[in-house]
Amino acid sequence: QVQLVESGGGLVQAGGSLRLSCAASGRAFSTYAMAWFRQAPGKEREFVAVISWSGDNTRYSDYADSVRGRFAISRDNAKNTVYLQMNSLKPEDTAVYYCAADARACAWYSGGYDYTLYDYWGQGTQVTVSS
């Protein structure tokens, strides 16, 4: 069983930055693709970013078009932690942000966008961007 704990959310003005962290339990973290999703009130859970188990952020990551160029996903396997650096935040980025672990690699080999294919989820952290 893997436990994921997100932190770093909060209230920020438009144009500001936040860095989310997701700490994972267990020894197999380095073998999982990891992703961030978000969910705004009344909307479906939305893909934000995914990173492969290799930890090579430049080569093996992908982003939703809405955040590409503003957000960056990274991981530190020695710390069992994945990060989401969010810059140039907009009010439409307001949501609960969740990290997810792809233990079976089903999500990764399907593109990483399908939240139903992830095996473990954190409890979420609220991000609110004021205009």
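Let me start with C99, which has 0% relative accessibility and therefore counts as buried, and with C22, which also counts as buried, because its relative accessibility is 0% as well. Please keep in mind, as we go through this, that what you see above is a predicted model.

C22 sits in strand β3 and C99 in strand β9, so the pair ties together parts of the chain that are 77 residues apart in sequence. The torsion about their S-S bond is about 45 degrees, which means that the disulfide is right-handed.

What, then, of C106? C106 takes part in no disulfide, and the nearest cysteine sulfur, which is that of C99, is 18 Å away. With 30% relative accessibility, C106 counts as partly exposed, because that value falls between the 20% and 50% cut-offs. The count of disulfides therefore comes to one.

Let me turn now to the nonpolar core. The largest one has 40 residues, and those touching the most other members are L4, M34, W36, L84, M86 and Y97. Several strands each supply at least two residues of this core, among them β3 (18-24), β4 (33-39), β8 (81-86) and β9 (95-102).

As an example, take M86 and ask which residues it is in contact with, once its neighbours within four places in sequence are left aside. For M86, these are G16, S17, L18, L20, R70, F71, Y97 and V127. As general background, nonpolar side chains tend to be buried together in soluble globular proteins.

Notes: Residues numbered from 1 in each chain as written. Predicted model: local features only at pLDDT ≥ 70, side-chain atom pairs only at ≥ 80, totals over all residues. Heavy atoms only, no water. Core = buried A, V, L, I, M, F, W, Y, C linked by side-chain atoms within 4.5 Å. Buried < 20%, exposed > 50% of the residue type's maximum accessible area, 1.4 Å probe, protein only. Helix = DSSP H or I, 4+ residues; strand = E, 2+ residues; numbered from the N terminus. Contact = heavy atoms within 4.5 Å. Disulfide = S-S within 2.5 Å.
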